[in-house]
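I am keeping this notebook for anyone who is new to reading structures. Each entry says what I looked up and what I found.

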Amino acid sequence: MQTPSPSSAPTPEPPTPETQPAEPRAHAAPSNVLEAPEEVLTTLQKDGRRRWMYPVLSLGSWLTRRRVVGYLLIAIFMLLPIIPVGGYPAILLDVLHRRFHFFGLTLFANDTVLLMLFGIGVLVSVVLVTALLGRAWCGWACPQTVYMELVFRPIEALVEGPASRRQRQDGQELEIDGLMKKGLKYGLFLLVALVLAHTFVAYFVSWGDLLTFMTSSPSEHWGYFVMMAGVTALIMFDFAYFREQMCTLACPYARIQSVLLDRDSLIVSYDPARGEPRGRRSAKARKEEEGGAKIALGDCVDCGACVRTCPTGIDIRDGLQMECINCMQCIDACDAIMLKVNKPVGLIRYSSLNAIEQQPRRVFRPRLAIYVVVLSVVLSVFGWLIIGRSAVDAGVVRPNNGAPFMELPEGQVANRLRFRVQNRSGEEATFRIEALEPAGTEIKYIGSGDLSLEPSEMVHVDAWVVAPAAAFHSGSTPARFRVTDGGEANVELSFKLLGPSR
Ligand code: SF4
Ligand code: SF4
C-alpha cells in the first residue's frame, strides 16, 4: 500500500454544517416494529427525491495516479480518430459503409464470426479484469468517471469554489454573482460537451468528413447537425445533471459486479478489525494513545472524511456496495486523517475481502483459469481467422427477376447471375472472375464488368454465365468460379446453374 508523503498529504476540509458527512443510507421508517427498515440509495432522499452530491476533493497519491491515467486516456480518446494507421484513422466505425477500422485491421459487416469473436473477447476481458482488479474500469477508465471527476468537477470547483461553498450557495437564493457563476459554469460545460460530441462523432464519420461538415452550411448536412446537437445535449444532461446516477441507477455493469467479484478480487475496503470500535478522540486521549496508554477505540476517528469525499455518497465502512466506483477518494481522505492522528495509513485500502479478514488468499482461482482459457481460445481463433483471411471477398446470387435461364441457338444455356466482389486489402486492386466448372463456361458481363476496386470497396456486377447444354443433367449442373487478382487474393464460389431437363 502506497504511503502518501507528508508533503503531498492533503488537509481535508474541516467539517462544517454544510459538509457534514453525507447522511448514512436513508431508511424509510418501518410501519411497525417487526418490519426491517427499507434501505434507500444514498443519492436519494427518503421520499425518493434527488439528493445532490457535493463530494469534497481529497488530494493524495491515488488521485495523482488517477489524474495521470485519466488525462492520458482523454488524450488517447481525442487522438484515436485523428492518427492514421494503414490509411484510415486508428479507430473508425464507418457504420454508413458497414466497415470498421481498428488499428489497420478492417472488419466488414459480413465478418460476423470475427465481429462476434471480437465482442466475446471484450466481454471476457472485462470479466477477467473485474475478477482480478474489481471495478478498476469504473474508477480508472470509464469515460463517465474520467470526464466527471477530471474535467467537469474541476471546472465546477474553479468557477464556483469548493464543495462546501457550492452546497451553501445552492441552499440560498442566488444573487447576481451566483447567477453569473452558474452561467459561466454551464457555458464552459457546453464548450467541453461540444468538443466531446465532435470527438465522439469523429469515431463514426472521420475527422476529414467532420471538418467538411463543420465548415459548410448546416442545410447541406442537416443530419450531421441534428446528430451533433443530440449528442451534445445528452452529454450536457449526463455531466451537468444526471452525474453519479448514471453509475448508481443506469449502468448495468454495477449490477452484475456481485457475480463477477469473489473474495480475492481487489476492492476498496475498510479494515473493521483495525478501525472498530470507531469514535472521536479528545486531544488528551490521543496523547495517552501516543504514550502507549490503553484505549478502547479502534483507529477510525469517525471524522466522516471518507463519506464526504465519496462521489456516490456511500460510507465504505458499511462494506462493499454496488454504488462504489473504485475512485479511491476515500483512501486518500482516510490516509490524510491517519497521518494527522499519527496512525499508519491504509485503514481504507485497495485490498480483497480475504486479505482484510486475514483469511488465506488465493491468486490462482478456478474461475480465473476458465476466463484465461476462454480468452486464449477466442483470441487464437480470431488471430487464425485474420491471418487466413483472403484479401478478396465474393458471393454470387441469382437475381429474382426474369427467367432463370435461356437456351441459346448455339446449343448453350445462359444463366443470369449477380456477383458481389469486395476488396479487403489496404490497396487498390483489379479482380477478375474465372469460370472453373463446367468446362467451356464463359462469363459475359452486362455492363462494363469493371472490377478495379479501391481498398474496402465493394461492387455488384451482373453477368450471363454461358455453359454448354451438354453439361446439364436433370435440369441443373454444379458450377465453380474463382475471383482473383491474379496473385494471392482469390476465393472460390460454388453455385448451381439451371438448364433444360434431359
Ligand atoms: S466508497 Fe470510496 S472508492 Fe467507492 S466510490 Fe466512494 S470514495 Fe470512491
Ligand atoms: S474510515 Fe478514516 S476517513 Fe472514514 S471516518 Fe474513519 S478515520 Fe475518518
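**Entry 1: ligand 1**

How many residues surround ligand 1, and which are the closest? I found 14 residues around ligand 1. The closest are C310, I316, C324, C327 and C330. One caution before I go on: this is a predicted model. I then sorted the shell around ligand 1 by class, and I got 10 nonpolar residues, 4 polar ones and no charged ones.

**Entry 2: ligand 2**

Next I looked up ligand 2, which has 16 residues around it. C300, C303, A305, C306 and C334 come nearest to ligand 2. This shell divides into 11 nonpolar, 2 polar and 3 charged residues. Which helix gives the most to the shell around ligand 2? I found that α14 does, with 3 residues. Both α13 (305-308) and α14 (329-340) supply at least two residues of that shell.

**Entry 3: the whole protein**

I stepped back to see the overall layout. I noted 16 helices and 19 strands in the protein. Of its 502 residues, 27% count as buried. I also checked contacts between residues with a separation of 6 or more, and 68% of these join residues 24 or more positions apart.

**Entry 4: helix α14**

Is α14 mostly covered or mostly open? I found α14 mostly covered, with 10 of its 12 residues buried. Among the buried ones are Q329, C330, D332, C334 and D335. I note that C330 is among the residues closest to ligand 1, and C334 is among those nearest to ligand 2. What do the buried residues of α14 pack against? Their partners are α1 (61-79), β8 (267-270), α13 and β9 (348-351). Following α14 comes N342, whose phi is positive, near 55°.

**Entry 5: the largest nonpolar core**

I looked for the largest nonpolar core and counted 47 residues in it. Those with the most contacts inside this core are V268, C306, C330, C334 and I348. The elements giving two or more residues to it include α1, α4 (143-160), α6 (176-205) and α8 (222-242), along with β8, α13, α14 and β9. The largest share of this core comes from α14, with 7 residues.

**Entry 6: helix α2**

I found 22 residues in α2 and a reach of 31 Å from its first C-alpha to its last, close to the 32 Å expected at 1.5 Å a residue. The buried residues of α2 are L117, V124 and T130. Why do I put these three on the same side of α2? It is because they cover an arc of only 155° around the axis. The face of α2 turned away from that buried side carries the exposed residues G119 and V122. The buried residues of α2 pack against α10 (252-260) and α16 (366-387). Just after α2, I saw that G134 takes a positive phi of about 65°.

Is each one buried or partly exposed? R98 has 13 C-beta neighbours inside 10 Å, so it counts as partly exposed. M328 has 23 other C-beta atoms within 10 Å, so M328 is buried.

**Entry 7: cis peptide bonds**

One joins E276 and P277, with omega about -10°. P277 lies in the loop between α11 (272-275) and α12 (283-290). Another cis bond runs from E437 to P438, with omega near -10°. Where does P438 lie? I found P438 in the loop between β14 (432-437) and β15 (442-446).

Technical notes. Residues numbered from 1 in each chain as written. Chains lettered and ligands numbered in written order. Predicted model: local features only at pLDDT ≥ 70, side-chain atom pairs only at ≥ 80, totals over all residues. Near = placed C-beta within 6 Å. Nonpolar A, V, L, I, M, F, W, Y, C, P; charged D, E, K, R; others polar. Helix = DSSP H or I, 4+ residues; strand = E, 2+ residues; numbered from the N terminus. Expected span 1.5 Å × (residues − 1). Buried ≥ 20, exposed ≤ 12 C-beta atoms within 10 Å, placed from the backbone. Arc of directions from axis to C-beta. Contact = placed C-beta atoms within 7 Å. Core = buried A, V, L, I, M, F, W, Y, C linked by C-beta atoms within 7 Å.
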